[in-house]
Amino acid sequence: MKTIGITGGVGSGKTEILSHIRENYPCEIVLADDLAKELQEPGRACYAPLVELLGEDIVGADGRIVKGAMADRIFGDRELLAKVNGLIHPAVVAEILRRKELAEKNNKIRLFFVEAALLIENGFDKICDEMWYIYAEESVRRERLVSSRGYSGDKITAIMEKQLPEHVFRENCQVVIDNSASLSESIRQIDQVLEAYQW
């Protein structure tokens, strides 16, 4: 089984790429951001430590952590943010490794994908055999974010400025999929890479 990390800037089209892979290849796909949210649910690994760190006032009437209240508590406090990330990130990695181990025991799964916006920053390369960068031209990404999410130009700029520059993605990833044009062209590139693997 090959473990592949997938990353790319906002609006690069990672979701569509992963949908094609999920439908056409014997794989398991883990979305790190979704997993982080799961682990903050009551009874899961991050819930009690986060409540202890940030206080009971981040918990809503239903017993779940209120995302907005948690964000307000962390806002502007870099030290607290670092502590929160120090709780969540190791728990996410541990759960990914647990799922990877289970996938390796399943003879039907040949590819294990980990998708994360902060794949490089959070050192996911250490648990992946290969890293993929989903690239799209900035103008294309902006157009997608306006049409699909209704983001303003200023909001898009603010998000993009917080993300890694293109050269860092390229330096850290072994495969680059250019998703600037049609989805069919991107699929052609993906199939070319994956079908070259012998399983």
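Buried here means under 20% relative accessible area, and exposed means over 50%. By that rule Phe169, at 3% relative accessibility, counts as buried. The structure discussed here is a predicted model, and the values that follow are computed from its atoms.

**Aromatic pairs**

Three aromatic pairs are present in the structure. Phe113 and Trp132 make an edge-to-face pair, with 5.8 Å from centre to centre and 75° between the planes. This pair connects distant parts of the chain, since Phe113 sits in strand 3 and Trp132 in strand 4, 19 residues apart. Both Phe113 and Trp132 are buried. Tyr133 and Phe169, in turn, form a stacked pair, with centres 4.7 Å apart and 5° between the planes. Because Tyr133 belongs to strand 4 and Phe169 to helix 8 (residues 166-172), the pair ties together parts of the chain that are 36 residues apart in sequence. Tyr133 is buried, at 4% relative accessibility, and together with Tyr135 and Phe169 Tyr133 forms one aromatic cluster.

The two pairs described above are set out in the table.

| Pair | Geometry | Centre to centre | Angle between planes |
|---|---|---|---|
| Phe113 and Trp132 | edge-to-face | 5.8 Å | 75° |
| Tyr133 and Phe169 | stacked | 4.7 Å | 5° |

When residues up to four places away in sequence are not counted, Ile88 touches Ala36, Gln40, Cys46, Leu50 and Met70.

Helix 5 itself has 28 residues and reaches 40 Å from its first C-alpha to its last, which is close to the 40 Å expected at 1.5 Å a residue. At the start of helix 5, a side-chain oxygen of Asp77 comes to within 3.3 Å of the backbone nitrogen of Glu79. The buried residues of helix 5 are Leu80, Val84, Ile88, Ala91, Val92, Val93, Glu95, Ile96, Lys100 and Ala103; as a set, the buried residues of this helix pack against strand 1 (2-7), strand 2 (27-31), helix 2, helix 3, helix 4 and strand 3. An α-helix has 3.6 residues a turn, so residues three or four places apart point the same way.

**Cysteines and a buried serine**

With a disulfide taken as a pair of cysteine sulfur atoms within 2.5 Å, the count comes to zero disulfides. Cys128 is in no disulfide, and the nearest cysteine sulfur, that of Cys173, is 9.7 Å away. Seen from Cys173, the closest cysteine sulfur is that of Cys128, and 9.7 Å is too far for a bond. Cys128 is buried at 10% relative accessibility, and Cys173 is buried as well, with a relative accessible area of 8%.

Ser12 lies in the loop between strand 1 and helix 1 (14-24). With a relative accessible area of 1%, Ser12 is buried. Apart from its neighbours within four places in sequence, Ser12 is in contact with Ile134, Ala136, Arg141, Arg144 and Asn179.

Notes
Residues are numbered from 1 along each chain as its sequence is written. This is a predicted model: local features need pLDDT of at least 70, side-chain atom pairs count only at pLDDT 80 or more; totals for chains, interfaces and linings use all residues. Side-chain values use heavy atoms; hydrogens and water are left out. Buried means under 20% relative accessible area, exposed over 50%, partly exposed in between (1.4 Å probe, protein chains only). Contact means heavy atoms within 4.5 Å. Helices (H or I, at least four residues) and strands (E, at least two) are DSSP runs, numbered from the N terminus. The expected span of a helix is 1.5 Å times one less than its number of residues. A polar contact is a pair of N or O atoms within 3.5 Å; within protein, one must be able to donate a hydrogen and the other to accept it, and residues adjacent in sequence count only if both atoms are side-chain atoms. Rings of Phe, Tyr and Trp (its six-membered ring) pair if their centres lie within 6.5 Å; planes under 30 degrees apart count as stacked, over 60 as edge-to-face and the rest as tilted.
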